[in-house]
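Please look at the sequence and the structure shown below, and keep both in view while reading.

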Amino acid sequence: MATETDEIRGIGHSVRRKEDDRFIRGRGTYIDDIHLPRMLHMAILRSPFAHAKINSVDTAAAAAVPGVVAVVTGELMAQHNLAWMPTMSGDTQAVLATDKVRFQGQEVAAVVAEDPYVAKDAVEKIDVDYEPLGVVVSPAQAMADGAPLIRDEKEDQKDNRIYHWESGNKDDTDRAFADADVVVSLDTHYPRSHPAPLETCGCVADVDPATGQATIYMTSQAPHAIRTVFALVAGLPEENIRIVSPDIGGGFGNKVPVYPGYVVATAASLLLGRPVKWIEDRSENLISTGFARDFHMHGEMALRSDGTMLGLRTTLDADEGAFHADAQPSKFKVGLFHIVTGSYDLPAAHVTADGYYTNKAPGGVAYRCSFRVTEASYLIERLVQNAAYELQMDPADIRKKNFIPKDKFPYESATGFVYDSGDYHAAMEMALEKIGYDELRKEQQQQRADGKLWGIGLASFTEVVGAGPHKDYDILGLKMNDGAELRIHPTGKAILKISSKTQGQGHETTFAQIVAEELGIQPEDVKVQHGDTDNTPYGLGTYASRSTPTVGAATAMVSRRIGEKARKIAAHLLEVDEADIEFTRPNFTVKGAPEKAVTIQDVAFAAYTNFPDGMEAGLEGSYYYDPPNLTFPFGTYAVAVEVDPETGVWEVKRMVAVDDCGVRINPMIVEGQIHGGLTEGYGIAAMEQITFDDDGNCIGSNFVDYLLPTAWETPRFELGETVTPSPHHPIGAKGVGESATVGSPAAYVNAVIDALQPLGVTNIDMPLTSAKVWEAIQEARAGAS
Ligand code: CDP
């Protein structure tokens, strides 16, 4: 029997991404690449008004356009009980409007035609008689006297408030503030932004009237959960629904919710007995699909005069749009915002949050973040800098003084999280050293003396990813546990089926590396399948950096389960007792006699050809992982900027990012994730923002108004890493996909504020456009003169 001596490229190897072979050759299969026989095309009519009563919808002219097969209205959907659908937050959302429209871009009707251009043209011919109503575009307006009631169809809804939520201990926090020497505060708005994936949303719905089988190809980050929702909404038997998420051109949270387009295309296919394709255009994606953030936040920190933090108090108003559609664990109304105590040993904290309906698109998606942790991280990191200024301390020193010490983990935060592991001082020290912090501070003094505006900004974030333990984490009652199935074939090659759905993160490579690590099969010999509900185990989807903490763990656990059987077969082949076998990857060897060895390939062949009497044939298994806790990645980011006082333009001189995501499965992929996240963080700090005018018109419906960073303006990133494994994760990994977007905006903003500090500027809300920075400089100068 042969022994395998090649090094197994398991955990810690920068294996090149297996999926890139098809992507760089243009051979990926995205939704728009799917063409089915007899397929029709659908286009959606959207409301031009943010709030208006619908008096009538006349479809006659549209229906008469040659090539049009059907026009679908809210009334038709209502006849099938499909005019409304549940949202991921347990609210309801109009599929096609019947009574009134509640945001600009809302779905009103749809045309199904033989050709996509005919469908688009015919949509223009639908005549809707709207009666405009008063418009609400902020939480303040939502609660103002006489505000129009947006959700008047809900019997118990008497105003525009959706929820009130609290976390932490109010009395302890009040006491901490009473004992404080100093209190600092910050009011800030984290602007509404949009994930804007390269590929917009869409689907091809294929309902076979003969068999009742519904196959829906869909841009979805959560195909299994969506299948269950479809079964419940449409009343179709779940086994007859197959959701296939093919290759996805970026999700970033935007492809988690169920959008009306999916439901209307499926209903149209059901009614017409033909496949129906619906593909959004760019403006539709920007104005109607899941936005992110839009939190109006107030934070206060209580401190002793030596800089010791005593307590934190935050209140926030969440602008949820016209339907409450956040995809987040149902127990937590503002996602995991209550991680707002961040990296600090804060004895007391109290968080209150109120959510409001406004005449804006629904969403609140986890745009590269773990359910609102981005907003929380931004608030605390900005407050800490204010505290440092107030106490005339260095922003690095005040952080170091208050970090949760390494020996206090596992650490229970004042709002109830149990942080698994961390070494915040180590990450901070590495970032300071890399950027040459002490030298930079001296240089800053010199530059300031020369009249230049130089700033250094820090952010030490703590993330919370891997939702989650079944006792606390569910979406619409579905527990957030995930599965993996592994089948090893007689020749020792394997298929791993996972519940997560990659949208570019490299799951086909990294999860194969986990199998390699555990069983000694090279990653190229492990095919990873995902995204097809008929062929993969159940799971709640891919967002919030949860894949590695949940599916990665399930993969390790199923490999171990199979490894136990492999050991028995190896003992049989080597004719020794099972207790005498050890797995010295890549070989199973006899203890004390390493020359007696078999490979996993030998074992796999034997599992089908030569297994012990009484043993079941085959080498396969499945595992559903219920994480005992979330994982808590962290890091310190340091940014140096120079601001031009005459134009407000700020230039990033240095950007250092030290991340700790526990054990890194594939260091190259992790670095790619961090680069992508840092770019999105820079975009949010510098330019991304969707605004609305007083009539609720969306300013940000195209890439001229909604700015995204290109390679041209993106700064150069210098990366560093520390490794603090998660003690409860089977391979010690934490997630990383979101960290850089969560952590970095505060570092950029802190740097710009630091540059303007000599002028007395203490706050500018994101995005820091040069115009806003220039205005702040002018105001400060006018105030000083
Ligand atoms: O859920 P999502 O895939 O977006 O996030 P993730 O679990 O943070 O993983 C992002 C990518 O980085 C995946 O390919 C992971 O397997 C990889 N990763 C890694 O190689 N090592 C880690 N410690 C964390 C993630």
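Two strands are said to pair if DSSP finds at least two bridges between them, while the strands themselves (E, at least two residues) and the helices (H or I, at least four residues) are DSSP runs that are numbered from the N terminus.

The model is predicted, so local features need pLDDT of at least 70 and side-chain atom pairs count only at pLDDT 80 or more, whereas totals for chains, interfaces and linings use all residues. Residues are numbered from 1 along each chain as its sequence is written, and side-chain values use heavy atoms, with hydrogens and water left out.

## Buried places around β16

Strand β16 (residues 309–319) is largely enclosed by the rest of the structure, because 8 of its 11 residues are buried; buried means under 20% relative accessible area, exposed means over 50%, and partly exposed lies in between (1.4 Å probe, protein chains only). In the loop between β16 and β17 lies A327, which counts as buried because its relative accessibility is 7%. Its C-alpha atom is separated by 7.1 Å from that of V256, although the two residues are 71 residues apart along the chain. When neighbours within four places in sequence are left aside, A327 is in contact (heavy atoms within 4.5 Å) with M88, V256, F371 and I475.

After α7 comes G235, whose phi is positive, near 70°.

Helix α10 (residues 373–390) has 18 residues and reaches 26 Å from its first C-alpha to its last, close to the 26 Å expected. Of its 18 residues, 17 are buried, so that α10 is mostly covered. Just after α10, Q392 takes a positive phi of about 55°.

Strand β14 holds K277, which counts as buried because its relative accessibility is 4%. Leaving aside neighbours within four places in sequence, the residues in contact with K277 include I31, D32, H35 and C203.

Rings of Phe, Tyr and Trp (its six-membered ring) pair if their centres lie within 6.5 Å, and planes under 30 degrees apart count as stacked, over 60 as edge-to-face and the rest as tilted; by this rule there are 23 aromatic pairs. One of them is edge-to-face, because the rings of Y262 and W278 have their centres 5.8 Å apart and their planes at 80°. This pair links Y262 in helix α8 (residues 260–272) with W278 in strand β14 (residues 276–279), 16 residues apart, and both Y262 and W278 are buried. Ring pairs also link Y344, F403, F409, Y424 and F634 into a cluster.

## Nonpolar cores

A nonpolar core is a set of buried Ala, Val, Leu, Ile, Met, Phe, Trp, Tyr and Cys residues joined through side-chain atoms within 4.5 Å. The largest nonpolar core has 159 residues, of which M77, F337, V643 and W650 touch the most other members. Helix α18 (residues 739–756) gives the most to this core, with 11 residues. A second, separate core has 44 residues, including I11, A571, L619 and Y623.

How values were computed
Expected span 1.5 Å × (residues − 1).
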